[in-house]
Amino acid sequence: MDKYRKLLSNTLIFAVGTFSSKVLVFLLMPLYTSVLNETQYGTVDLMVQIGNFLLPVVSCGIINGIIRFGLDKYYKKSDVFTTGFLTIISGFLLLLLLEPLLVHIPYLNENTFMIYVFVLMSSMRSLCSQFVRAKGYVKLYAIDGILSTATTIFFNVLYLVVLKWGINGYMLAMISADTLSSIFLFYIAGLGHYLKIRHLNLSTSKEMLRYSIPLIPNSIFWWINNMASRYLIAGFLGAEANGLFAVAYKIPTIIVLMSNIFMDAWQMSAVSDSPSKLASFFTRVFLCYQALICTAASGLILFSKVITKILVSDAFYPSWKFIPLLLLSTVFSCMSTFLGSVYMVEKKSVLNFITTGIGAIINVSLSFFLIQTDLAVNGAALATFISYLVVFVLRIIDTRRFLPMQFNAPKLIFNTAVLIAQAVIMILEIRGWILFEVVLTMLMVVANIGSLFVAVRHVLFKRSRTAR
C-alpha cells in the first residue's frame, strides 16, 4: 500500500477508535463542572497532573521504547513487551519505597493511594495499547478506544452522580476504565504469549532503556511546560483561578485530540523507512498538518465564547479569556511534537529532551514573572506560548541535520501572525471584534485550503495510478 494511503487509512481507523475516548474531555465537562466546584476541580486537576508527572518516571520512559522498538522488525516482540512489563513493575516498586518522601508534596499527601493506583493502571494500559499498536493491530486498538469510552462514561456517572464520591470518584473512574482496558487488550491480543522473562534478550532491554531513559526528563519537561503555570497560578492566585485555567485548557484539547490521532498513525509511517529517503514525505505531511491545526485553532478562537458557554457551567464561563493564548501554545506544541518524530526515527532521544528542557526553563521563568503582573492568569498562558514557540524554532534548526524538510516559512509566519491577531482582538474584546475574527478566520481558511487540497489530490492521484 502506498505510504500516503497507509497513513490516511491508519489515521481514519485511529480516529474511529480514539475520537470517542478523547471527546470525553468535552462530553463530561458539564458533568464535572456541575458536581465539582472551582476549588475541587482545580484540586483534582492537580492530582491528575501529579500522576502524569510520575508516569514517565515510574516507567523509565519505556512506553516510548515500546512503540519505537515494537515497530522495528529487527527486534523480537517478546523482548520488547517483557522489557516494558518488567520496567514498569520495577519502577512502581521503587515508587512504593519512596512513599515517605512523596507524601510531603502538596496535593499528594492526602491522596497518595489513589494517585499510586492511577499511575500503575495508566502505565499498564499504555504498555498494552502501545504494544498492540506496534504489532499492527490497529483495529483492535480502535475497538479498545470505543470500549474505554463506554466504561469511562459508566464509571463517571456511577461514582460522581449516583454515589457522589466527588474527587475520589473522579480518580476512580479513570482507574476503573484503565484496568478494564488493560485486561481486555491483554487477553484478546494474547499478550501473555509475549511475556517471556526467562528468555529475555538483555541486549534488547539495554538498548530500549538507553533510548527511553533520556525521554524521562523530556516527559518531565513537557509536564513542566503544561503544569508549572498551574502550580504558580494556584500559589499566587488561588485554587479557584487555577480551576478556571484548567477548564480553559480543555478547549485547546480539541487540537491535541486531532494531533494525537494523527501522530498515532504517523509514528507507524515515520519508522517505516530511513528519514534520509523520506524528506519529501515528511515535508508534504508537515505542510498539510500545519495547515489543518492552524485553521482549526483559528476557528476555535472565533467560537471560544460559544463553546465555553455550551460546555461548562456559568461559574466557569470567565475561563474563555484564557483560551486564545492557550490555543496558540497548543499549535506550536503539536508542531514541535511532529518534529520530535525525526528524533524518534533517528533514536536521538537526548536531543529531544534538550530542546524541551530549554522550553520548560523559559516557561517557568516567564510564568513566575508574568502571573504577578496585570496579565495574571493570561500571563501564564503567554509564557506557555513563548516556550513552545522557542522549542519549535530550535527543532526546526536542529532536525534539518537529519532531515532536510521544507517548512514554507512565509506561510508559517502568516498563520502565526493571524492567530496572534485573533488572540489579542478576542482577549481585549476590541470594538467590532466579531467582524475582525470572522475576517481573520476566513483569511486563514483561504491561505491554507490549498495545502489540504494538494494533500488530498496527491493521495487520490497515487491511488488511481496504482489501480492502473
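Q: Within what distance must the centres of two rings lie for Phe, Tyr and Trp to pair?
A: The rings considered are those of Phe, Tyr and Trp, the last by its six-membered ring. Two of them pair if their centres lie within 6.5 Å.

Q: How many aromatic pairs does the structure hold?
A: The model is predicted. Under the cut-off just given, the number of aromatic pairs in the structure is 27.

Q: Are the rings of Phe69 and Tyr211 stacked or edge-to-face?
A: A pair of aromatic rings is described by the distance of the centres and the angle of the planes. For Phe69 and Tyr211 the centres are 5.7 Å apart and the planes stand at 70°. Planes over 60 degrees apart count as edge-to-face, and those under 30 as stacked. The pair of Phe69 and Tyr211 is therefore edge-to-face.

Q: How many residues apart are Phe69 and Tyr211?
A: Phe69 lies in helix H5 (residues 62-70), whereas Tyr211 lies in helix H11 (residues 202-212). The pair links distant parts of the chain, with a separation of 142 residues.

Q: Is Tyr211 buried or exposed?
A: Residues under 20% relative accessible area count as buried. Phe69 has a value of 1% and is buried. Tyr211 has a relative accessibility of 6%, so Tyr211 too is buried.

Q: Which residues form one aromatic cluster with Trp266?
A: Trp266 belongs to an aromatic cluster that also holds Phe and Tyr residues.

Q: Is H4 roughly parallel or roughly antiparallel to H12?
A: The axes of H4 (residues 38-58) and H12 (residues 215-237) come within 9 Å and cross at roughly 160°. Angles over 145 degrees count as roughly antiparallel. H4 and H12 are therefore roughly antiparallel.

Q: How many charged residues are in the contact of H4 with H12?
A: The H4 side includes Asp45, Leu46 and Phe53, and the H12 side includes Trp223, Arg230 and Tyr231. By class, the residues of this contact are 11 nonpolar, 3 polar and, as charged residues, 2.

Q: Is the crossing of H4 and H8 left-handed or right-handed?
A: H4 and H8 (residues 112-134) have axes that come within 9 Å and cross at roughly 50°. The crossing of H4 and H8 is right-handed.

Q: How many nonpolar residues are in the contact of H4 with H8?
A: From H4 the contact includes Met47, Val48 and Leu55, and from H8 Ile115, Phe118 and Val119 are among the residues. The contact has no charged residues and 4 polar ones, and its nonpolar residues number 9.

Q: Are H17 and H19 roughly parallel or oblique to each other?
A: H17 (residues 323-346) and H19 (residues 377-399) have axes 8 Å apart, at an angle of about 25°. The crossing is left-handed. Angles under 35 degrees count as roughly parallel. H17 and H19 are therefore roughly parallel.

Q: With which residues is Gly340 in contact, leaving aside its neighbours within four places in sequence?
A: Gly340 is found in H17. Its relative accessible area is 8%, so Gly340 is buried. Leaving aside neighbours within four places in sequence, the residues in contact with Gly340 are Asn352 and Arg395.

Q: With which residues is Asn242 in contact, leaving aside its neighbours within four places in sequence?
A: Asn242 lies in helix H13 (residues 239-250). Its relative accessibility is 0%, so Asn242 counts as buried. Apart from neighbours within four places in sequence, the residues in contact with Asn242 are Gly42, Leu46, Arg230, Ile233 and Ala234.

Q: What is the phi of Cys60?
A: Most residues other than glycine have a negative phi. Cys60 sits in the loop between H4 and H5, and its relative accessible area of 23% makes Cys60 partly exposed. Its phi is positive, near 55°.

Q: What is the phi of Ala376?
A: Ala376 is in the loop between helix H18 (349-370) and H19. At a relative accessible area of 24%, Ala376 is partly exposed. Although Ala376 is not a glycine, its phi is positive, at about 50°.

Notes: Residues numbered from 1 in each chain as written. Predicted model: local features only at pLDDT ≥ 70, side-chain atom pairs only at ≥ 80, totals over all residues. Heavy atoms only, no water. Axes fitted to C-alpha atoms, helices over the stretch in contact; angles between N-to-C directions. Helix = DSSP H or I, 4+ residues; strand = E, 2+ residues; numbered from the N terminus. Parallel < 35°, antiparallel > 145°, perpendicular 65-115°, else oblique. Contact = heavy atoms within 4.5 Å. Nonpolar A, V, L, I, M, F, W, Y, C, P; charged D, E, K, R; others polar. Left-handed = near helix turned anticlockwise from the far one by under 90°. Buried < 20%, exposed > 50% of the residue type's maximum accessible area, 1.4 Å probe, protein only.
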